[in-house]
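Here is a short walk through one structure, taken a few residues at a time. Keep the 3D view open while reading.

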Amino acid sequence: MSSSVSICVVGSGYVGLVAAVCFAEIGHRVTCVDNDESKIKMLRKGGVPIFERHLPELLERHRGQGVVFSSDLHGAVEQSETIFIAVGTPQGDSGAADLSYVEGVVSEIARSIRSYTVIVEKSTVPVYTNDWIRRVLCRFGVDPANFDVVSNPEFLREGSAIGDFLHPDRIVVGTSSPRAADVLRRIYEPLTGGSYYAQPDALAGQHTAQHPAPLLVTSPQSAELIKHASNAFLALKISFINAVATLAETVDADIEEIAAGVGLDHRIGREFLRAGLGYGGSCFPKDVAAFHWVAQQQGVHFRLLEEIRGINESQKEHFFNKVVSALWTLRGKRLAALGLAFKGGTDDVRESPAIDTIRRLLQAGALVTAFDPAATENAKKLLPASENMKYAADLYEAARGADAVLILTDWKEFGAIDLERLRAQMRFPIVIDGRNLYPADQMEGLGFSYVSMGRPAVYPVHEKQPVR
Ligand code: NAD
């Protein structure tokens, strides 16, 4: 394995914490810093603040050894050759990313640099942030010979973040400094040279010692645009298939068949061609908006980005209308909501279409009982429990006495429900599936009214086709 690098990761959220334990996993010495003292306390005591596959095992393996947790940024910067900034870059009012957390961290770093340090921007940021970081450091009097700034965007997905980090499709290193590029090459060498994959306890994934991860060195601006362009393209695929799904509904076609037929073309690919409630989460909505803002600033009218966003917004409205058309009126109806997270495999509810949908249902007077395998505690902060909003301990409890079950998140377990048991719990056997988790004929065979996305709805024979 290559030589160990002392790394400071600033931010211990979905990206920072995963990056910190994965850097330890590939042999580096890491200090993970957060200004949220309660998080640091929890991490030091052995707690795991986010739900993420493999994270508990890796934390167990490296905590206190390869990775330590601290709220002292100054001390961590002094001891580290490289600092990865992984703090939040939420959407501001104008659509632009709010970079105040990044700037705050950079100004603190400026006070603590003692010798040559590589500052790595891992948060998702607009083009020219790399330049701004350099400028701020110089304004604070840091000698330009004492630092370089690198853009190293992160492409991990919540729910498979550890696997994605250790088996990345690509590692992008944006810098104009050969010296800094070499430091980043050293850090990622166990993945790009393959030595990590040769270890007996390495996490298995797409790469092997013979086929290691690729690393691409680019200019800083290219690296910044690669991240925004990648997320916008993925959001585009989702909005595209959702628009096709809406069209498919009007001609009684089946979007699952269409997506299979389109996705088998290897130039297009099957992934992200899943019709549903639309995208959400802490990345796509804000990154599409930030990318649009970047283009506007440069005088480029990137209207496609507006369409991607617009289709995504209509999709949530479209699902809500399906609920209305399946149930006629909503006031006083008891609805079971399966899913709160923005997608399966995570406890993250930021910009979750499930939360948005539940809000609409509550506003329309429905009584909602929700269940999510991991995101309930986070959801309660946005949708506090009340007379109309209840939380269940499992999905069957949520379905008890329900006028309809709504599938809002694509958790694996929601695709493997004991459907007879579910039906026995419900007042009426109506399932409105925003994630297309079941074949319509299976649901029909079990006597459900089943409404899904981009496919003909099915109803038991005794029910007339409802008015659209
Ligand atoms: P997060 O909100 O989960 O974590 C950010 C962390 O930074 C928090 O723990 C916060 O307390 C900490 N923080 C804020 N200011 C700080 C400061 N001054 N000093 C120390 N710590 C500070 O965010 P996240 O989801 O990990 O995302 C981080 C960045 O990575 C964002 O730019 C995001 O767009 C990008 N990104 C996220 C994902 C994802 O799936 N979540 C994937 C790729 C890239």
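Phe371 and Phe414 are both buried. Their rings form an aromatic pair of the edge-to-face kind. An angle over 60 degrees is what counts as edge-to-face. Phe371 belongs to strand S10, residues 367–371. Phe414 sits in the loop between strand S12 (404–407) and helix H17 (419–425). The two are 43 residues apart in sequence, so the pair ties together separate parts of the chain. The model shown here is predicted.

How many aromatic pairs does the structure hold? There are 9. Another of them joins Phe23 and Phe165. This pair too is edge-to-face, with 5.3 Å from centre to centre and 85° between the planes. Phe23 lies in helix H1 (residues 16–25), and Phe165 in helix H7 (residues 161–166). These are distant parts of the chain, 142 residues apart. Both Phe23 and Phe165 are buried. They also belong to a cluster: ring pairs link Phe23, Phe84, Phe165 and Tyr188.

Now turn to the ligand. Lys39 places a polar side-chain atom 2.6 Å from an oxygen atom of the ligand. Thr89 does likewise, with a polar side-chain atom 2.5 Å from a ligand oxygen. Asn35 takes part through its backbone: a polar atom there is 3.3 Å from a nitrogen atom of the ligand. On its own, the ligand has 840 Å² of accessible area, and the protein covers 88% of that.

Gly92 lies in the loop between strand S4 (82–85) and helix H5 (100–112). Its relative accessible area is 21%. Buried means under 20%, so Gly92 counts as partly exposed. For a sense of distance, look from Gly92 to Ser4. The two are 88 residues apart along the chain, and their C-alpha atoms are separated by 38 Å.

Thr124 is in the loop between strand S5 (117–121) and helix H6 (129–139). Its relative accessibility is 11%, so Thr124 counts as buried. From Thr124 to Ala213 is 89 residues along the chain. Their C-alpha atoms are separated by 21 Å.

Tyr396 is in a helix, H16 (residues 395–399). Is Tyr396 buried or exposed? With a relative accessible area of 12%, Tyr396 is buried. Asp418 is 22 residues away along the chain, yet the C-alpha atoms of Tyr396 and Asp418 are separated by 9.1 Å.

Some residues lie at the other end of the scale. Lys381 is in helix H15 (residues 376–382). Its relative accessible area is 64%, so Lys381 is exposed. The side chain of Lys381 still has a partner. It makes a polar contact with the side chain of Asn378, at 3.1 Å. Lys381 and Val349 are 32 residues apart along the chain, with 9.8 Å between their C-alpha atoms.

Asp252 has a positive phi of about 55°, although it is not a glycine. Asp252 is located in the loop between helix H10 (220–250) and helix H11 (255–263). At 52% relative accessible area, Asp252 is exposed. Glu351 also has a positive phi of about 55° and is not a glycine. Its place is the loop between strand S9 (334–338) and helix H14 (353–363). Glu351 is exposed too, with a relative accessible area of 55%.

Key. Residues numbered from 1 in each chain as written. Predicted model: local features only at pLDDT ≥ 70, side-chain atom pairs only at ≥ 80, totals over all residues. Heavy atoms only, no water. Polar contact = N/O pair within 3.5 Å; in protein donor to acceptor, adjacent residues only side chain to side chain. Areas by Shrake-Rupley, 256 points an atom, 1.4 Å probe, with all protein chains shown as cover. Phe/Tyr/Trp six-rings, centres within 6.5 Å; stacked < 30°, edge-to-face > 60°. Helix = DSSP H or I, 4+ residues; strand = E, 2+ residues; numbered from the N terminus. Buried < 20%, exposed > 50% of the residue type's maximum accessible area, 1.4 Å probe, protein only.
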